[in-house]
Amino acid sequence: SEGSLRTVLNPFSQCSGQGGFNPTKPYQKPVKQPVKQSPYEPQQIKQTFEKPLTWSYPEDPTPEVAIDVPFVPVYPVAAASVAAECRESTVHVEVKKDMFGIGQIINNPDLTLGNCGAVAEDTAAQVLIFEAELQNCLSSLAMTEDSLIYTFTMNYVPQALGGSPVVRTNQAAVIVECHYPRYHNVSSLALDPQWIPFSAVKMAEEFLYFTLKLMTDNWQYERPSYQYFLGDTINFEAVVKQYFHVPLRIYVDSCVATLAPDVSSNPRYAFIDNYGCLLDARLTGSDSKFMLRSADNKLQFQLEAFRFQNVDTGLLYITCHLKARAASSIIDSEHRACSWNNGWHEASKIDSVCGSCETIGLPPPASQKGKWIGGASPAQQGRKIRDVSQSEGMLITIHCLKHLKLKSTYFYIIVDVMIPPS
């Protein structure tokens with residue numbers, strides 16, 4: 001055991017010799033020496049420039065020079081895509097489906113002739129075909145001295161493509177007119193002879209041309225303006241041109257003013273009635289009258305402008321019935337032109353035929369503003385003085401639509417009434 005102890009203690013003896021440890025002395029804790037700290041140096045340091053600054057604002061960019069491009073805009077050219085053929089009682093119209101010539105094919109339901117759709121389609125030629133009676137498909141009829149004109153409107157209203165809200169073409173309207181001569185000879189002969197047949201001569205003798213015109217104040221010219229104010233006097237001149245016919249005398253049997261083309265509609269005002277009795281002066285006390293005849297085939301009369309009470313519409317229809325009779329025939333109670341001025345007076349001074357104008361049921365005569373002056377013109381009378389600033393003025397525009405017949409005719413006179421702003 002001693003040898004073992006010795007073995008254990010030997011290291012102590014070595015430590016004592018090496019490290020100064022002496023087991024005989026008490027253990028003393030080593031004293032920790034204070035550490036001397038160096039002064040704090042900040043991490044950020046002042047930077048100095050080794051060279052002077054050379055930066056400056058950059059130069060403005062130089063604009064690019066515009067280049068002249070050789071460009072010419074291409075404008076669409078109107079395409080000849082509609083063709084019409086006027087037949088005896090129908091009109092035949094063909095329309096290319098590429099209606100605008102831009103490669104856009106139209107849809108069939110988008111194109112109508114008035115309110116009529118296409119009756120056929122040429123799929124090989126891409127053409128729609130329309131056919132209609134002259135009086136159908138919302139056509140309108142107009143007449144000139146020599147022609148009857150039937151007018152149709154080809155309407156194109158494109159619908160949105162598919163389910164999108166876009167279209168590739170614009171709306172369009174094409175007017176189609178068919179002109180037909182008003183007069184022609186019909187003969188059963190196989191060939192038209194070079195000589196004039198008796199039937200043609202006879203027909204020429206029977207031609208009667210009726211006209212009803214609005215005249216200027218001096219009765220020298222047809223009035224270029226159709227506008228009147230309340231208080232103005234409207235001058236009418238009825239003429240029959242007989243050419244090879246025997247001399248004729250013209251009469252105005254009746255004239256009726258209505259709000260519609262139907263002469264039997266209400267309200268209505270018959271200011272000439274009972275075979276040529278001008279009742280306006282008798283009923284209202286106006287200066288309306290027939291002028292003294294200057295020729296048998298001409299009859300002039302005056303009418304003071306008027307309107308219907310409590311009616312705001314701006315349209316009046318005046319329908320006049322004219323007739324002609326041989327000038328050699330006598331003037332009687334069915335062929336006359338009578339005016340009222342404190343009694344009835346006839347335009348040819350045959351006043352005795354006017355007795356039946358005073359029929360039973362007429363109210364007492366209205367007080368008349370003037371005297372019957374026979375053939376004196378308004379220029380000789382002097383025009384009425386009227387202040388255009390007065391609110392009672394009403395603008396009246398008259399258009400004449402003439403329907404000519406042999407021996408008698410009806411004239412439809414459209415009167416547009418417009419109240420000027422106060």
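In what order do the 4 strands of the open sheet run? The order is 1-2-5-4, with antiparallel pairing; strands here are DSSP runs (E, at least two residues), numbered from the N terminus, and two of them pair if DSSP finds at least two bridges between them. Strand 1 (82-86) and strand 4 (120-122) sit at the edges with a single partner strand each, so one side of each has no neighbour in the sheet. Strand 1 is joined to strand 2 (residues 90-96) by 5 bridges, and cysteine 86 has valine 91 in strand 2 as its bridge partner.

The model is predicted, with local features needing pLDDT of at least 70 and side-chain atom pairs counting only at pLDDT 80 or more, while totals for chains, interfaces and linings use all residues. Numbering starts from 1 along each chain as its sequence is written, and side-chain values use heavy atoms, leaving out hydrogens and water.

On to the charged pairs. The whole structure holds 7 salt bridges, each a side-chain nitrogen of Lys or Arg within 4 Å of a carboxyl oxygen of Asp or Glu. Arginine 249 pairs with aspartate 296, their closest N and O atoms 3.5 Å apart. Arginine 249 is in strand 12 (residues 248-258) and aspartate 296 in the loop between strand 15 (289-290) and strand 16 (298-304), 47 residues apart. Arginine 249 is buried at 8% relative accessibility, whereas aspartate 296 is partly exposed at 35% (buried means under 20% relative accessible area, exposed over 50%, partly exposed in between, with a 1.4 Å probe and protein chains only). Lysine 323 and aspartate 253 also form a salt bridge, at 3.2 Å from N to O, and both are buried.
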